[in-house]
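I opened a new notebook page for this structure. Below are my entries, in the order I looked things up.

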Amino acid sequence: MITVRDLTVRFEAKTVFDHASFDLPEEGVVMLYGVSGKGKTTLLRVLAGLLRPDSGTVSGLSGRTVSFAFQEPRLLDWRTAEDNIALVSSREKAISLLETLGLSEERNALAKTLSGGQKQRVSLARAFAYSDNVVLLDEPFTGLDEENRFKAAALIRSAKLAIVVSHDEDDAALLDATKKIML
Amino acid sequence: MVLKQKVYQIVRIPALILFYLGIWQLLSILVGSSLLLPSPIESAVSLWKIMCDPLCLRDLGYTFLRLVAGYLIGAVFGILLAILTANVPFFHYVFSPFRLLIKSTPVMSFVLLLLVSVVSNLVPVLVSAIMVAPMLWATTEQAILSLDPKLSEMGRLYFPFPKRVRTVYLPQMLPQILASAVTALGFAWKSVITAEVLSLPRFAIGNRMYLSKLYLETSDMVAWTILVVSLSLAMELLLKAVLKRKEAAK
């Protein structure tokens with residue numbers, strides 16, 4: 001079990017979490033949903049170790065490699081789609097993941113030339129190339145058409161543990177979510 | 001039309017050079033004294049003599065070494081200070097006035113101050129380092145502060161520090177730093193020569209220029225100037241070519 005205890009996160013005057021506690025399963029798909037500004041992304045950043053909370057503890061993640069597909073793709077624009085993924089793993093893995101997500105033809109295209117949806121898929125592929133043990137996904141379906149949503153969802157379901165942030169509660173069905181947390 | 005453009009491209013630079021040489025020749029005829037303004041031909045003859053004299057080439061080599069040493073020292077210090085001041089606000093507040101002071105102090109003051117305490121051979125090296133450092137310091141600091149924070153956060157998750165620097169930080173910073181490095185090179189040349197003229201170290205272009213002035217050999221002085229400007233331009237073009245190749249590689 002992954003446990004978050006007494007989490008407090010403040011950004012200047014705004015308190016996002018005030019002694020909040022969560023229990024997350026070790027496997028499956030967990031969905032965090034709710035309206036904007038309730039701390040979904042903040043929780044992911046805390047779990048990834050990218051944000052130090054004002055107080056509170058996270059346990060159950062030590063020894064597990066955590067990857068993160070950010071809400072904005074955050075690709076290295078000056079590198080190719082394949083490079084962006086291969087830099088965090090291997091070239092073979094990059095090629096295979098690009099194929100899975102229907103991006104084989106774009107593998108040698110510079111990231112800056114890709115469309116929003118394509119960038120989103122490259123970002124997803126990068127997260128899975130780095131680790132499919134614990135994958136944190138912030139709005140992974142943004143900009144994806146129906147076909148690519150299914151491809152992305154299939155990949156997300158293959159993770160040992162995926163924690164997905166979404167505005168859309170219907171995404172839970174698409175992902176076969178084992179747990180839903182409303183924030 | 002295409003042929004016309006090609007001819008224009010080929011002829012443009014030589015025509016411009018000829019135009020200015022013509023103006024120079026005209027002015028030297030008008031002045032009527034090679035002591036005040038030698039003609040292009042007289043200067044070319046002096047330049048040829050310099051290029052054929054091994055002792056002159058030796059002096060050129062020494063000046064070049066001082067320039068390279070000063071430039072590298074300045075660049076390393078500038079970049080290290082930038083890393084410090086961009087990351088630790090305390091050092092930024094402490095050192096910023098110091099940078100402003102160096103930038104606004106005339107080269108002459110540094111030369112005279114250093115002459116009191118340093119061997120004359122080292123003065124040009126230190127002066128060019130002092131001129132180069134603040135330029136690269138300011139640019140690198142700005143480049144660090146302009147790094148995309150979202151990319152930096154991504155880098156923190158996916159890459160260990162050395163790889164993060166190589167793959168995330170440097171590609172964002174290099175265009176700014178290299179452009180500043182090219183400008184700093186021109187300043188380094190000017191400051192080395194100025195410092196050499198004032199400190200008169202052994203084996204130096206500045207020393208030769210000073211002697212030319214002393215013996216009223218104006219054509220030699222012009223020839224040395226042409227040589228320095230040509231070398232400075234050649235080095236700038238070389239650095240720019242490296243910069244272009246880096247951009248093309250992206």
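**Entry 1: chain B on its own**

I started with chain B and went through its secondary structure, which comes to ten helices and zero strands. Reading along the sequence, I wrote the pattern down as α-α-α-α-α-α-α-α-α-α. A reminder to myself: this is a predicted model.

Next I looked up the dimensions. Along the principal axes, the C-alpha atoms of chain B take up a box of roughly 70 × 65 × 30 Å.

How much of chain B is buried? I noted 37% of its 250 residues.

**Entry 2: where chain B meets chain A**

On to the interface. I noted 14 residues of chain B in contact with 21 residues of chain A. Interface size is often quoted as the accessible area lost when the parts come together, so I looked that up too. Between chain B and chain A, about 1600 Å² is buried, and carbon and sulfur atoms give 62% of it.

What about polar links? I have eight residue pairs in polar contact between the two chains, counting pairs with both residues at pLDDT 80 or more. Which helices of chain B supply at least two residues each to the side that touches chain A? They are helix 7 (149-158) and helix 8 (161-199). Helix 7 gives the most, with seven residues. Sorting that side of chain B by class, I got seven nonpolar, two polar and five charged residues.

**Entry 3: salt bridges across the interface**

Side chains of opposite charge can pair when their charged atoms come close. With that in mind, I looked up the salt bridges between chain B and chain A, and the count is three. In one salt bridge, B:Lys150 meets A:Glu72, with 3.4 Å from N to O.

I then checked what else those two residues join up with. Both sit in a network of salt bridges linking A:Arg45, A:Glu72, A:Arg74, B:Lys150 and B:Glu153.

**Entry 4: salt bridges inside chain A**

Over all chains, my total is 15 salt bridges. I picked out a few within chain A.

A:Arg79 pairs with A:Asp83, and their closest N and O atoms are 3.6 Å apart. Are these two residues buried or exposed? A:Arg79 is partly exposed, at 25% relative accessible area, while A:Asp83 is buried, at 16%.

A:Arg91 pairs with A:Glu82, and here I noted 2.7 Å between the closest N and O atoms. A:Arg91 is partly exposed, with a relative accessible area of 39%.

My last pair is A:Arg149 with A:Asp171, at 2.9 Å between the closest N and O atoms. This one links distant parts of the chain: A:Arg149 is in helix 5 (residues 146-157) of chain A and A:Asp171 in helix 6 (residues 171-174), 22 residues apart. I looked up the burial of A:Asp171 as well: its relative accessible area is 4%, so it counts as buried, the cut-off being under 20%.

Methods:
Residues numbered from 1 in each chain as written. Chains lettered and ligands numbered in written order. Heavy atoms only, no water. Contact = heavy atoms within 4.5 Å. Buried area = accessible area lost by both parts, 1.4 Å probe. Salt bridge = Lys/Arg side-chain N within 4 Å of Asp/Glu carboxyl O. Polar contact = N/O pair within 3.5 Å; in protein donor to acceptor, adjacent residues only side chain to side chain. Helix = DSSP H or I, 4+ residues; strand = E, 2+ residues; numbered from the N terminus. Nonpolar A, V, L, I, M, F, W, Y, C, P; charged D, E, K, R; others polar. Buried < 20%, exposed > 50% of the residue type's maximum accessible area, 1.4 Å probe, protein only.
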